[in-house]
Amino acid sequence: MKEVVLGLLGLGNIGGGVWDLIREFGGETAKRTGVQLRVKKALVLDKRIHGGKEVPDEVLTTDRNDILEDPEIQIVCEFLGGEQPAAAWMLRALENGKSVVTANKMALSLHFDELRAMAKKTGAGLYYEASVGGAIPIINAIQSPLISNRIEQIMGIVNGTTNYILTRMAAEGAEYADVLKDAQRLGLAEPNPTADVEGFDAQYKLSILGSIGFHTRLHVDDVYREGITRINSEDISFGREMGYVLKLLAIGKDNGDSVEARVHPAFLPADHPLARVDGSLNAVYLYGHSFKDMMLEGRGAGDTPTASAIVGDIIQAAQNAVHPMPYMQETPKPVADDWHSKYFIRMKAKDAPGVLAEVTGKLAAESISVSAMMQKGAAPDGKATLIFITHRASEKAVQRAVKSLNPEICQVENVIRVEG
Ligand code: HSE
């Protein structure tokens, strides 16, 4: 039996979950893999507070060097979250030849190049399965069984909080602010929800998925980002009447000479596999030239699902004689600043002659063709709601057309891309 000595940087929700999984299931895992895991040290802020976990006192430390500088520790698991000091400490561990396992999408996506370069230099491993999609083995799938593919499309629901909020808005006809408040009360959304609801979390995750899936470095800033805060119950219910389900999607496309990367709310046809991924579940839908299409679905957060991916990474790090390193082409592919999609445009207008002419005229001027239109009767203010669904059109052209509409005639309330 091979013993592998671990150091845990952090023993909070995820670190504690990993501690528990190793303690409760480590024996069985060892039988299956021949790898016995031993946690030598776990870094905590205060030794008196360690979440009620049964951790022997000699394992706890408040000094990171007891982990980063201990030659006996072979694998460092990082559970600090945030950019720094997580990135610096992972870099130090790699510099010291220790393999690193992390769930930290922010530190990883912002410092991917330095971390990969250091791992390459010292021959240490860098594993990050839990950084995207929690328990879903999407990173491994892309890097190993699907490696012999040109992945052309990645489309994911990679943020559980927003999927939970949108699912409840759809089921209850409720408004965003009310569902958010309730989700916070239930502990399903953070007290400061910005990272989730404004799409930052999904942006980091798409930067990682795109970098490894398209083999070109996709920086966080290359990913267009829009959150769910402007979505209201009318968007969702009118979309449903037209056969669509609304999701916050992370979309990456490899168009050959360039890539597309964007996070934003989008309608999907109700029969699309991602449309039925509800609640806080995550899923990633891929298209590769050889496997065609595939969807992986599961729990994207939480201590035990995340621990499942982390312990899987630890075992791989322990078993691999040579650590895998994703190939990325030297000169990154340019990231397209325009893309094509269909669009859902919701507006308010007087129910009067000339309104449709104004809208379709401005759309036509940008070569945008309408594929469906719906009008809902006059509201108490005498105005009707108009919904247009366009054929595929350029994003920039749609933005220009919407901007050119005469606000005296119609007021655009939301523009939502339609994918799938
Ligand atoms: N905050 C994330 C989510 C989980 O809501 O999915 C951690 O990546």
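Predicted model: local features only at pLDDT ≥ 70, side-chain atom pairs only at ≥ 80, totals over all residues.
Trainee: Switching to H3 and H4, what angle do they pack at?

Mentor: Helix H3 (residues 86-95) packs with helix H4 (residues 105-122) at an angle of about 10°, and the axes are 9 Å apart. Since angles under 35 degrees count as roughly parallel, H3 and H4 are therefore placed in that category.

Trainee: Which residues meet between H3 and H4?

Mentor: H3 contributes Ala-86, Ala-87, Met-90, Leu-91, Leu-94 and Glu-95, which meet Ala-107, His-111, Glu-114, Leu-115, Met-118, Ala-119 and Thr-122 of H4. The class count for this contact is 9 nonpolar, 2 polar and 2 charged residues.

Trainee: What about the peptide bond from Gln-84 to Pro-85, is it cis or trans?

Mentor: That bond is cis, with an omega near 5°, and Pro-85 sits in the loop that runs between strand E4 (75-78) and H3. As background, most peptide bonds are trans, and most residues other than glycine have a negative phi.

Trainee: Then which way does phi go at His-215, positive or negative?

Mentor: Phi of His-215 is positive, near 55°, in a residue other than glycine. His-215 belongs to the loop between helix H9 (200-214) and strand E8 (224-225), and with a relative accessible area of 21% it is partly exposed.

Trainee: And what is the phi of Lys-292?

Mentor: Lys-292, which is not a glycine either, has a positive phi of about 70°. Lys-292 is found in strand E12, residues 292-299, and its relative accessible area of 42% makes it partly exposed.

Trainee: New topic, H10: what happens at the start of that helix?

Mentor: There, a side-chain oxygen of Asn-232 reaches to within 2.9 Å of the backbone nitrogen of Glu-234. Past the other end, just after H10, Gly-243 takes a positive phi of about 95°.

Trainee: Which residues of H10 are buried?

Mentor: In H10, which covers residues 233-241, the buried residues are Ser-233, Asp-235, Ile-236, Phe-238 and Gly-239.

Trainee: What does the side chain of Ser-233 join up with in a polar contact?

Mentor: The partner is the side chain of Glu-175, at 2.5 Å. Apart from residues up to four places away in sequence, Ser-233 touches Met-169, Gly-173, Ala-174 and Glu-175, and Met-169 is also one of the H6 residues that meet H7.

Trainee: Now Arg-417: is it buried or exposed?

Mentor: Arg-417 is buried, with a relative accessible area of 3%, and it is found in strand E17, residues 410-418.

Trainee: So which side chains make polar contacts with the side chain of Arg-417?

Mentor: One is Glu-395, whose side chain is joined to that of Arg-417 by a polar contact of 2.6 Å, and another is Tyr-224, at 3.4 Å. Leaving aside its neighbours within four places in sequence, Arg-417 has a contact list that also includes Glu-226, His-264, Phe-267, Trp-339 and Lys-342.

Trainee: Last one: where is Ala-384, and is it buried or exposed?

Mentor: Ala-384 lies in strand E15, residues 383-390, and is buried, with a relative accessible area of 1%. Its C-alpha atom is separated by 8.3 Å from that of Met-347, which is 37 residues apart along the chain. Not counting residues up to four places away, Ala-384 touches Met-347, Lys-348, Ala-349, Asp-351, Gln-375, Lys-376, Gly-377 and Ala-378.

Definitions and conventions
Residues numbered from 1 in each chain as written. Heavy atoms only, no water. Helix = DSSP H or I, 4+ residues; strand = E, 2+ residues; numbered from the N terminus. Buried < 20%, exposed > 50% of the residue type's maximum accessible area, 1.4 Å probe, protein only. Polar contact = N/O pair within 3.5 Å; in protein donor to acceptor, adjacent residues only side chain to side chain. Contact = heavy atoms within 4.5 Å. Axes fitted to C-alpha atoms, helices over the stretch in contact; angles between N-to-C directions. Parallel < 35°, antiparallel > 145°, perpendicular 65-115°, else oblique. Nonpolar A, V, L, I, M, F, W, Y, C, P; charged D, E, K, R; others polar.
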